[in-house]
Amino acid sequence: MSTVLLIEDDKDIRDGLALALTWQGHTVHAVESGELGLAALAANPADVVVLDLMLPGIDGFEVCRRIRASTNLPIIMVTARNDDIDVVGGLEAGADDYVVKPVQARVLEARIRAVLRRTGADPAHPTETRKTGVERHGTLAIDRAGLVVSRDGTPVGLAPTELRLLLELSASPGQVLSRQQLLESVWEQAYLGDSRLVDACVQRLRAKIEDDPANPRYVQTVRGFGYRFGPL
Amino acid sequence: MKWLRAFVAPFRGLRLRLLLGFAGLCVLTAALVAGGMYVLARREILQQSQDASVASLTRQIATIYPLRTLPPTKQSMTDIADQLTTRGNDVRVEYQKMSVGDLSGSTITADLREVIGNGHMAWQRVDYDGTPALIVGTEIMVTEPGQSVRPSGVDVFAGYQLLAEEASISQISDIAWGIGALALLLAMLLGIVVARSVLGPVRELRTAAVRLGAGELSSRVPVHGSDELAEVARTFNNTAQSLAEHVAELRRMEADARRFVADVSHELRTPLAAMIAVLDVLDDQASHLPEPTGEAVRLVSQGTHNLTRLVNDLIEVTRFDSGTAALALDHIDLAVAIRATLRARGWTDAVDTDLPDGIMARVDPRRLDVIVANLVGNALRHGAPPVSIRLTAEPGWRIIEVADNGPGLAADVLPQVFNRFYKADTARARSEGSGLGLAIAWENARLHRTDDRVAARAADRVGDRAGDRAGDRVGSLVAANRPGGGAVFTLRLPTVEEPS
Amino acid sequence: MIKRGVLLGLVVLACVGCGVRPSGVISGLPAPSGPVNGATLFLIRDDQLVPVLRATTTPPTMVQAVTLLAQGPTQDEISAALRTQVPAGILPVSLGNSGHGTTLDLAVDPNLLSTMAINQISCTARDAQANQILPITTGPEFFLAGAGRTVGPLRCPPTG
């Protein structure tokens with residue numbers, strides 16, 4: 001049973017989504033503005049945030065950034081359109097995934113479950129057998145069991161999706177994984193998902209773990225094929 | 001002949017007419033004037049020369065009187081001949097059958113003899129060994145002491161060369177020709193100058209009109225002076241201005257209409273979003289509800305699904321129209337993508353596949369999914385099994401064919417099948433689709449094109465449909481009937497070069 | 001356009017007839033005429049009277065002219081097919097005085113002469129008459145006399 005913080009300004013949509021998510025078994029806190037959402041988060045911790053980008057007052061991007069700045073909560077953003085500005089902006093602000101209005105409850109449910117699996121917080125799907133031990137790659141230390149990544153000894157705060165992406169890539173070092181493969185394994189989307197999710201997540205990941213994000217050592221781009229961990 | 005045509009080509013039309021008009025008029029005038037003067041001069045020259053010769057001969061004849069013997073002896077005839085001969089003539093004296101003198105008898109025509117036989121002096125121009133000559137002839141009369149005048153029987157002929165006259169005349173003729181040629185040249189030059197002054201503005205007008213026709217609504221013509229050409233130029237400018245204003249107005253209206261549709265569709269989303277969110281709950285609960293509530297719930301649910309699909313499709317369409325449809329390209333294996341599409345909708349077993357692995361392409365995966373799903377869905381719904389999907393590759397293209405074994409497309413349906421809201425089978429009471437599926441598929445196919453804006457917004461595609469730049473390879477979706485029955489839809493996507 | 005071309009062609013063609021060309025016969029003044037200086041005798045050719053001019057130093061009198069006539073044609077005249085029917089026997093002749101106008105006395109009876117001969121004599125005499133001043137007694141008519149007989153008045157018929 002996970003707690004969902006729903007930030008949506010339209011009453012009908014808010015009520016509808018809250019109803020559907022509750023029916024699915026989540027505990028839902030529904031608020032109508034970014035300010036209220038941030039306050040609610042401070043008062044009652046949630047497992048996942050569903051955030052509409054079009055908000056009065058503080059807009060959705062800013063809310064996303066603030067949440068991401070202080071927590072590693074998974075954030076799913078709800079956009080009115082899936083063209084560049086909204087999606088890319090939202091992903092850069094730190095969202096893990098996005099859905100497009102009008103969204104069916106089961107689609108949102110699937111994304112919520114997927115993103116919770118990445119944090120290991122979804123009770124419906126216990127995490128896989130944990131590997132023990134800490135892997136060392138260059139200056140990085142990856143603890144798969146504890147889900148902690150350190151750089152030069154200092155833990156790095158990664159969002160769940162970023163962490164999951166790094167784990168996926170580093171599980172097969174030197175092997176090229178295509179965006180579509182990553183979408184399927186990390187985001188659990190049907191094969192034909194939006195590869196921008198992958199690109200945005202890689203950018204954020206690089207900003208956090210690379211010494212020089214412009215010349216990445218760990219998460220390397222293989223033009224025309226996808227991404228690859230190393231070789232160092 | 002080609003060179004002749006090439007030479008003449010710039011002179012076709014107005015310029016040629018002007019030139020010919022000027023030239024013709026000039027030549028005609030010159031010919032008339034020069035010709036007339038030439039004729040008059042020639043007549044005058046000849047007449048003067050003839051008169052002089054006749055007068056000279058008459059004077060000479062006067063000196064042979066008084067005659068001493070008749071009939072004349074050969075000697076006396078020779079004397080007469082000598083008397084009459086000057087430096088410029090040849091003389092012939094005849095009496096009956098006798099003749100004396102240098103002048104050949106062949107120069108004297110029967111006509112001349114006849115006329116002088118009537119007691120007159122007569123002359124005639126003849127051709128004497130290729131040169132022109134004047135032959136003057138007369139009878140020698142004697143005046144009796146009784147004052148009666150009687151022919152002596154002696155005929156006298158003198159031949160004068162007209163070479164000098166001919167030289168003068170041909171000189172005049174040469175001058176006349178020369179003047180004519182010069183006048184012709186001047187006329188042509190004048191014609192060219194005039195033509196240019198007329199054709200210049202005409203050409204300006206034509207250039208402006210061509211530019212206007214090509215879409216440059218700001219093209220105008222400079223107005224010089226105040227004659228008819230200036231009037232035309234002014235009229236053209238006014239017309240172009242009016243046209244530009246009308247087109248701007250139409251564009252505004254079109255943009256407003258599009259925006260309205262987009263806004264409406266967008267607004268519809270919000271109420272729909274609330275309904276859609278709870279549809280799953282409704283669907284799940286519908287079976288537990290007593291009738292007719294359950295049926296009512298099912299109907300509402302179905303209607304909401306349809307409405308949502310329609311609104312989403314409408315929004316897609318407005319994005320195409322406004323040029324804000326963006327491609328999110330990724331390099332993918334097409335066979336894997338197609339299989340994923342089929343799998344996601346549970347069609348894997350319903351469709352025969354021929355999907356060779358390893359055919360890569362740079363496409364927008366979401367849009368490809370939309371196209372394939374629509375084609376296969378249509379085939380399964382409106383066609384008949386076996387439905388097949390086949391993937392092939394050509395140099396520069398990737399080709400996906402979806403075929404069925406149904407009734408195929410009727411001849412009147414085929415050209416309209418990609419039109420928006422066109423539904424072939426109007427007898428269908430309720431169509432599952434929105435009527436926009438094929439139109440969206442078609443637009444999605446076309447969105448894939450090989451120009452350097454392929455990854456960016458094609459924001460300036462508004463109104464560009466008919467004017468694809470030459471050299472662009474554009475994706476296409478075409479419908480046809482298979483020879484063996486059934487319909488086949490062929491999707492062709494151009495391969496896009498990897499950006500370096 | 002076509003019409004203009006044809007017109008041009010015609011004009012050009014007219015000019016082609018350039019230069020000095022043979023012409024028809026042009027007549028003008030009457031044939032020149034002048035005096036003769038000699039004796040006009042009338043001989044015969046093809047039964048026609050033909051006036052012939054003999055060079056003389058002075059214009060001949062009637063008697064001198066007829067005398068020359070009676071002496072017959074010269075060689076040149078004979079080769080020109082000229083003949084005479086006036087016998088030399090009429091000589092000598094003299095200007096008569098018969099009271100009938102101008103009379104020429106012959107040595108023979110004029111009736112013995114042929115008509116053509118008489119014509120020859122009368123025409124010759126008439127022509128020569130203009131050269132001399134005749135006595136007032138003579139009249140305008142012309143007679144031939146001889147051996148007591150007289151023929152006349154005589155006229156000179158038109159010559160061929």
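1. Conventions. In this predicted model, local features need pLDDT of at least 70 and side-chain atom pairs count only at pLDDT 80 or more, while totals for chains, interfaces and linings use all residues. Residues are numbered from 1 along each chain as its sequence is written, chains are lettered from A and ligands numbered from 1 in the order in which they are written, and side-chain values use heavy atoms, with hydrogens and water left out.

2. Chain A overall. Chain A has 8 helices and 12 strands. Helices (H or I, at least four residues) and strands (E, at least two) are DSSP runs, numbered from the N terminus. Of the 232 residues of chain A, 55% count as buried. Buried means under 20% relative accessible area, exposed over 50%, and partly exposed in between, with a 1.4 Å probe and protein chains only. Contact means heavy atoms within 4.5 Å. Among contacts in chain A between residues at least 6 apart in sequence, 56% join residues at least 24 apart.

3. Helix α8 of chain A. This helix covers residues 196-209, which is 14 residues. From first C-alpha to last, α8(A) reaches 20 Å, close to the 20 Å expected at 1.5 Å a residue. The expected span is 1.5 Å times one less than the number of residues. Is α8(A) mostly covered or mostly uncovered? It is mostly covered, with 10 of its 14 residues buried. Among the buried residues of α8(A) are the arginines R196(A), R204(A) and R206(A), along with L197(A), V198(A) and I209(A).

4. R68 of chain A. R68(A) lies in helix α3 of chain A, residues 60-70. Why does R68(A) count as buried? Because its relative accessibility is 11%, and the cut-off for buried is under 20%. The side chain of R68(A) reaches the backbone oxygen of T71(A) at 3.4 Å. Leaving aside neighbours within four places in sequence, R68(A) is in contact with L73(A), P74(A), I75(A), A93(A), G94(A), D96(A) and A159(A).

5. Interface of chain B and chain A. Here 35 residues of chain B are in contact with 31 residues of chain A. The buried area is about 2,700 Å², of which carbon and sulfur atoms give 61%. Buried area is the accessible area (1.4 Å probe) that two parts lose on being put together, summed over both. The rule finds 2 salt bridges across this interface, a salt bridge being a side-chain nitrogen of Lys or Arg within 4 Å of a carboxyl oxygen of Asp or Glu. D280(B) forms a salt bridge with R106(A), the closest N and O atoms being 3.0 Å apart. The largest share, 13 residues, comes from α6(B). By class, the chain B side has 16 nonpolar, 8 polar and 11 charged residues. Ala, Val, Leu, Ile, Met, Phe, Trp, Tyr, Cys and Pro count as nonpolar, Asp, Glu, Lys and Arg as charged, and the others, Gly among them, as polar.

6. Interface of chain C and chain B. Here 45 residues of chain C are in contact with 53 residues of chain B. About 3,800 Å² is buried, with carbon and sulfur atoms giving 65%. In chain C, V20(C), V25(C) and P32(C) lose the most area to chain B, together 17% of what that side buries. The count of salt bridges is 0, and 9 residue pairs are in polar contact, both at pLDDT 80 or more. The largest share of the chain C side, 6 residues, comes from α1(C).

7. Helix α7(B) has 30 residues and reaches 43 Å, close to the 44 Å expected at 1.5 Å a residue. I371(B), in helix α9 of chain B, counts as buried at 0% relative accessibility. The C-alpha atoms of I371(B) and N444(B) are separated by 7.1 Å, although the two are 73 residues apart along the chain.

Definitions and conventions:
Polar contact = N/O pair within 3.5 Å; in protein donor to acceptor, adjacent residues only side chain to side chain.
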